[in-house]
Each structure stands twice: as structure tokens, then as C-alpha cells.
Amino acid sequence: MGRIRVLVVDDHRIFAEALAAALAAEPDVEVGAAGSAAAAERALERAAVEGRGYDVVLIDADLGADSAAAGARKPRRPGADPPEPARRRPSAAVPAPRRPATPPAHVPPSHPHLTSAHTPQAHLPPATHPAATPHQPAATPAPDGITLLARVRRNHPALRAIVLATADDPHRAARALHAGATGWVAKESSLARLLAVIRGVLRDETHLPPALLTGVIRELTTARRDRTESERLVDTLTPREKEILRCMVAGLGRQAVAERLYLSPHTVRTHMQNVLGKLGVHSTLAAVAVARRAGVSPSEPAAPTAPPSVASTTAPGAG
């Protein structure tokens, strides 16, 4: 076997860089690091295009959890100053003028690849006003480690994925295995143990801590029972209803489904109501949960087709 290319994905910068340096000390290991899901996906795509794809990805199970918790840690009082940027994203704040003509723009922090040079981004905080500020739509949360794992395994099937976890959790470990992980390693493990798992997964082995085995088997058995029932429910749908359900799994709304399937919104609404009824649920979210347990994949956009010929779209007698 040649050199092993490993990508470390962890938003704890010190941990990620220290782990990358320790792994790179091995003569047959080449290491990259990424500090976010987006940076990881870019690194994987770039490596694949260059013909130097990664062999193993190490993903923090709690990727992005600290950033999400930082915003929810303290409720803001009316008129209070905006929260400081999340920890581990160093930034310089420029005070806003007391009475600006227009609210200054907010420059979001970037998520640089950890192996590249990092320049702190400046933030211009919005000015505070006595009046209530208009409601801003919530930003789409970044995927957690296991969600990212499922995505990169889908996009890079040959890639082996190992989860780095702060605690042994049978439910999350089972979820990781279902997403395509082949290893689960506690962050308190030794470097020798991690290297053994990396080399093992490249031999198509699955590595779990012994203390997790019983719990994981129980979780997988329960998941299999739930999946069987969900598959039975999905099988009661007509082909068109299954198509509608796949669009729902893809997160499409009624209008978007209508445009994708060339149906009227009213027809789509009727199909969606039939899907909910047959699945025995009362919301789109619950229907998507049943579909995911049954292994229903999201609908993909149709490939572009050539426009219809003029003869077929021209009304008789039109000139």
C-alpha cells in the first residue's frame, strides 16, 4: 500500500492541527485538515479533481455544535449589544458610529481550510436602535458531523470515514454506521489506537469500542424493525405518490414540486394529502422521517432536455 491520505475535519482548531501534525509524523501518512463541513467538502472535491483523492476522513461527531450553542447560550435583552463572534473564530470588531445613516453591513466570518494561511475577518456589528429591529430569517444550520459523513460517503463512495467522538453513544454510533462510517474512535484514545483503526478500515474492517457493541447492536435491531414498518407503509403509495414523497424528502415545497413534475399546485396538494394519509402522519416533517427510515432517497433535478419542436407547440392555423 502507498501513502495514506487522511483528512481531519474538526472545528477545534488546536485539536485539528495537533492531530494532523501527529499523524503526519508517520512516514506513510499524508494529512490535510478542514475546520468546517464546507471546507471539508471543498478539500475532498479539489483532491478528487487533482487525482489525489483522500483515503480516509476523520470527522468530529460534534462538528459545529459549539458554534450553534454559542448563539443560544444567553437570550438577548431588548436593546442589548449584539453577541460577540463565536469562540475560535478570531475577529476584530470595528465600532459602529452612534447615529449611522444606514445600518452598516455585516461581514460573516469565513471558514478557511485549516492548512491554509488564516487571516481574521473583521465584523461590522449592526447599530443598536431603541426600536425593535425587524425579524431576520434564521440562517440554515451547518450539518453536524454525522450528516456530513453521510454526504461525503454518498459523493465519494471509496472514501473510508471514521468518527471522532468525545463520548461513547450507542445511538449516535449506530447512526454513524448507517451513514457509512467504518470506525468510531474516542478522542481520548491513543494515537496508536487511531492509526490502527485507520489502517484497519482500509482493509475493509469495521472498528467499534467493545463497550459500544451491545448498545449498537440493540440500536441497529430497533432501527431495522422501524425500517421494515416504514418500508411497508411506503409500499402502499402509488408511483406518483412515491415521486411526490421523494420531492418532500428533498425539501421541496408545493410550488417547487409542481414545477419539477409539471403538475398544478392543486394536484400536488392532493397527492401530498394522500401521502400523509397513507403513511399515517399529519405533517410533511413526519412523512419525511418515515421516508428516511424506509431508505427513500431525495428527488434529483431532472436532466435538461431539448425544447419541444416548433411544430409540436404551434396551434393549428397559427402563422
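Reader: How do strand S6 and S7 pair, and over how many bridges?
Author: In this predicted model, strand S6 (residues 160–165) and S7 run in the parallel sense, with four bridges between them.

Reader: Which residue stands opposite Ala186 of S7?
Author: That residue is Ala165.

Reader: And what kind of unit do S6, H5 and S7 make?
Author: Together, S6, H5 and S7 form a β-α-β unit, and the unit is right-handed.

Reader: Which way do the residues of strand S7 point, and are they buried or exposed?
Author: From strand S7 (residues 183–186), Gly183 and Val185 point one way, while Trp184 and Ala186 point the other way. All of them are buried. In a regular strand, side chains alternate between the two faces of the sheet.

Reader: Let us turn to strand S1. How many bridges join S1 to S2?
Author: Strand S1 (residues 4–9) is joined to strand S2 (residues 29–34) by six bridges, and the two strands run parallel. Within this pairing, Leu7 has Gly32 in S2 as its bridge partner. Between S1 and S2 the chain passes through helix H1 (residues 13–24), in a β-α-β crossover that is right-handed.

Reader: Now to the charged side chains. How many salt bridges does the structure hold?
Author: The structure holds 15 salt bridges. One of them links Glu30 with Arg3, whose closest N and O atoms are 3.8 Å apart.

Reader: Which residues are linked with Arg3 and Glu30 in a network?
Author: Arg5 and Arg52 are linked with Arg3 and Glu30 in a network of salt bridges.

Reader: What about Arg172 and Asp62: what N to O distance does their salt bridge have?
Author: The salt bridge between the side chains of Arg172 and Asp62 has an N to O distance of 2.9 Å. Arg172 lies in helix H5, whereas Asp62 is in the loop between strand S3 (56–60) and helix H3 (65–72), so this pair ties together parts that are 110 residues apart in sequence. Arg172 has a relative accessible area of 22% and is partly exposed. Asp62, at 25%, is partly exposed too.

Reader: Where do Arg240 and Glu243 lie?
Author: Both lie in helix H8 (residues 239–249), three residues apart, which is about one turn of the helix. Arg240 is partly exposed at 31% relative accessible area, and Glu243 is partly exposed at 33%.

Reader: A change of topic. What volume does the second largest pocket have?
Author: The volume of the second largest pocket is about 1200 Å³. Its lining comprises 27 residues, of which Ala150, Arg175, His178, Ala179 and Arg292 are the closest to the pocket's centre.

Reader: Which elements give two or more residues to that lining?
Author: Those elements are helix H4 (145–155), helix H5 (170–179), helix H7 (210–234) and helix H11 (284–293).

Reader: How many residues of each class are in the lining of the second largest pocket?
Author: The lining has ten nonpolar, ten charged and seven polar residues.

Conventions: Residues numbered from 1 in each chain as written. Predicted model: local features only at pLDDT ≥ 70, side-chain atom pairs only at ≥ 80, totals over all residues. Heavy atoms only, no water. 1 Å grid on protein atoms, 1.4 Å probe; cavity = no way out; pocket = protein on both sides within 12 Å on 5 of 7 lines; lining within 4 Å. Points joined across faces, edges and corners; volume = space filled by probe spheres on them. Nonpolar A, V, L, I, M, F, W, Y, C, P; charged D, E, K, R; others polar. Pairing = 2+ DSSP bridges. Right-handed = clockwise from strand over helix to strand, strands pointing away. Salt bridge = Lys/Arg side-chain N within 4 Å of Asp/Glu carboxyl O. Buried < 20%, exposed > 50% of the residue type's maximum accessible area, 1.4 Å probe, protein only.
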